[in-house]
Amino acid sequence: MNALNLQFFDQLLSPNHIAPVEQFPDEPCLIFSNIPKIETIAKIRFLFRLLRIPQIRFQSGNEEKVQRLIKHWRAKLAPQLDESSDKKTLNQLDNEYLIDLSSDNQIIKMVNHLIQRAVDLNASDIHFEPEEKYLKIRCRVDGVMVDILQLPANEQPAITSRIKLMAHLDIGKKREPQDGRIAYQLADRSLDIRISTLPGIHGESIVLRILDRGDVHVSLDKLGMPEDVLTPYSKLIQQPHGIILITGPTGSGKTTTLYATLEKINTGKQKIITIEDPVEYQLEGITQIQVNPQVGLNFAAGLRSIVRQDPDIIMVGEIRDHETAEIAIESALTGHLVFSTLHTNDAASAITRLQDMGVDSYLISSSIIAVMAQRLVRKVCLDCSESVPLSPEEADLLGISQTDFPSILRGKGCERCANTGYRGRVGLYELLQLSDKTRHLISTNADANDIRQQAITEGLRTLRQNALEKLHQGITTPEEIVRVTRAV
Ligand SMILES: [Zn+2]
């Protein structure tokens with residue numbers, strides 16, 4: 001693709017909200033969403049003339065279309081690290097406009113490009129994985145790893161050093177794990193990135209976690225809760241005191257649910273304090289505290305200090321030890337509304353997990369209002385979905401009949417979903433509200449299964465039922481359901 005290069009694209013086209021059409025250069029047309037300045041147009045025409053594309057046309061389009069094309073081209077124009085034709089083209093273009101376009105270091109550009117790519121894909125993490133011959137770069141998108149790029153192994157030290165420099169880590173320290181943060185400025189937003197390094201046999205493995213992402217911030221009624229969960233849950237979170245727990249494995253969207261919950265109940269009339277690890281999104285009007293083990297600020301210590309600050313509502317990122325559990329329960333019993341999360345597969349197991357941590361059954365049954373288990377499934381891409389019959393194997397795997405599910409929706413794969421057939425995610429929920437009977441079972445140390453059965457008798461709808469509803473509605477696929485609810 002020598003008719004267009006990344007520098008030109010990154011520095012002159014995309015910042016001005018201009019993108020070539022997909023058929024470029026066969027169709028030499030550029031789409032803009034804001035009318036470009038005359039000098040910008042002149043620069044672009046001049047550069048394309050040098051690239052032997054004299055007949056450039058400009059056409060107006062909406063911002064969404066331009067952004068889609070920008071993502072398309074950024075994915076196509078991977079930066080070149082070697083002495084590429086790309087660079088030669090730039091040398092030929094001996095012009096003052098090009099001096100600043102080519103002055104940047106290739107490595108810096110490569111790292112910036114990868115971060116930009118990850119943001120385009122709405123990835124949660126970027127993984128740099130050194131192997132014997134390659135540095136493999138992958139992103140986690142909608143919970144699933146996606147290959148992005150493979151670079152020759154000899155580029156690995158430079159890339160690693162660049163990232164460590166950005167995070168102010170010690171470049172010389174290669175044999176011990178390090179962690180840090182990067183405040184990264186993208187064109188229109190500032191990103192908060194967490195970095196961790198781990199020495200591997202072929203070099204340091206680096207993971208960048210992108211915080212402050214737009215999808216962490218969603219309102220409660222947009223999470224995909226079925227009506228029979230949303231309505232009671234919205235009432236439960238208005239209670240003056242007690243504990244509400246959200247459970248599920250890592251990456252099941254618990255934090256998003258908690259943020260949406262706090263936003264919903266944050267009317268400005270109550271004091272809300274959180275302790276989190278990490279603070280993933282900043283909420284207005286809420287005091288958020290970041291766990292910091294280096295100064296002894298863990299969940300338990302943080303929670304103890306929070307209680308002294310006279311809060312009405314407290315959110316504890318996670319309960320993973322006896323001490324945190326005890327303080328949380330004590331706070332709930334002394335008039336606070338407490339939200340937290342636990343790593344259990346279903347709602348009923350949260351109760352027995354607390355008992356396993358050594359919390360008294362009586363305290364559990366008198367403080368907990370409700371437990372909600374959740375998962376995230378990928379949604380079928382609406383741009384390439386098609387109706388296909390459910391196979392006998394799939395029906396068998398899910399324990400459903402083909403007569404109930406004659407056809408399902410599935411994505412063929414298209415440009416907008418990076419050929420995965422999926423775009424975005426939606427939650428699956430199971431809300432366990434404690435009744436007198438379930439409380440009694442808890443206080444007699446009944447096992448999770450008995451609590452679950454009692455709740456089902458009282459109308460609990462399980463994660464799996466919610467998953468099958470979403471399959472029926474064409475929102476997700478059998479593979480996704482099996483992937484996220486295997487253990488349920
Ligand atoms: Zn698609």
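**Cysteines and zinc**

Tutor: Cys 417 is buried, with a relative accessibility of 5%. Buried means under 20% relative accessible area, exposed means over 50%, and partly exposed is in between (1.4 Å probe, protein chains only). The model is predicted, so local features need pLDDT of at least 70 and side-chain atom pairs count only at pLDDT 80 or more, while totals for chains, interfaces and linings use all residues. Residues are numbered from 1 along each chain as its sequence is written, and side-chain values use heavy atoms, with hydrogens and water left out.

Student: Which residues coordinate the zinc ion?

Tutor: The SG atoms of Cys 381, Cys 384, Cys 414 and Cys 417 do, at 2.3 Å. A donor here is an N, O or S atom within 2.8 Å of the metal (3.2 Å for Na, K and Ca); water is not among the atoms, so sites may look incomplete.

Student: What is the geometry of the site of the zinc ion?

Tutor: Tetrahedral, with angles of 106 to 112° among the 4 donor atoms. Four donors get that label if all angles lie between 85 and 135 degrees.

Student: And how are the donor residues spaced in sequence?

Tutor: The pattern is C-x2-C-x29-C-x2-C. The pair Cys 381 and Cys 414 links distant parts of the chain, 33 residues apart. Cys 381 is in the loop between β15 (368–380) and β16 (385–389), and Cys 414 is in the loop between β17 (407–411) and β18 (422–433). Strands are DSSP runs of E, at least two residues, and helices are runs of H or I, at least four, numbered from the N terminus.

Student: Are Cys 381 and Cys 414 buried or exposed?

Tutor: Cys 381 is buried, at 0% relative accessibility. Cys 414 is at 17% and also counts as buried.

Student: How many disulfides does the structure hold?

Tutor: It holds 0. A disulfide is counted when two cysteine sulfur atoms are within 2.5 Å. Cys 139 is in none, and the nearest cysteine sulfur, that of Cys 417, is 16 Å away. Cys 139 is buried, with a relative accessible area of 2%.

Student: Back to β15. How many of its residues are buried?

Tutor: 12 of 13, so β15 is largely enclosed by the rest of the structure. Strand β10 (residues 242–247) pairs with β15 in the parallel sense over 5 bridges, and Ile 243 stands opposite Ile 368 there. β15 and β18 run antiparallel and are joined by 10 bridges, with Val 377 opposite Val 426. Pairing requires at least two DSSP bridges between the strands.

Student: Now the sheets. What is the order of the 6 strands in the open sheet?

Tutor: β6-β5-β4-β9-β8-β7, with antiparallel pairing. The edge strands, β6 (144–152) and β7 (178–185), each pair on one side only. Inside that sheet, β4 (residues 125–130) and β9 (residues 203–211) share 4 bridges in the antiparallel sense, and Phe 128 stands opposite Ile 206.

Student: What about the open sheet of 3 strands?

Tutor: The order is β1-β2-β3 and the pairing is mixed. β1 (18–20) and β3 (57–60) are the edges, each with a single partner strand, so one side of each has no neighbour in the sheet. β1 pairs antiparallel with β2 (residues 29–32) over 3 bridges, and the bridge partner of Ile 18 is Phe 32.

Student: Which residues of α12 are buried?

Tutor: Ala 347, Ala 348, Ala 350, Ile 351, Thr 352, Leu 354 and Gln 355. That is 7 of the 10 residues of α12 (residues 347–356), which is mostly covered. After α12 comes Gly 358, whose phi is positive, near 95°.

Student: And the protein chain overall?

Tutor: It has 18 helices and 18 strands. Buried residues make up 50% of the 488 residues. The C-alpha trace spans about 80 × 60 × 50 Å along its principal axes. Of the contacts between residues at least 6 apart in sequence, 65% join residues at least 24 apart.

Terms used. Tetrahedral: all angles 85-135°; square planar, octahedral: opposite > 155°, others 65-115°. Contact = heavy atoms within 4.5 Å.
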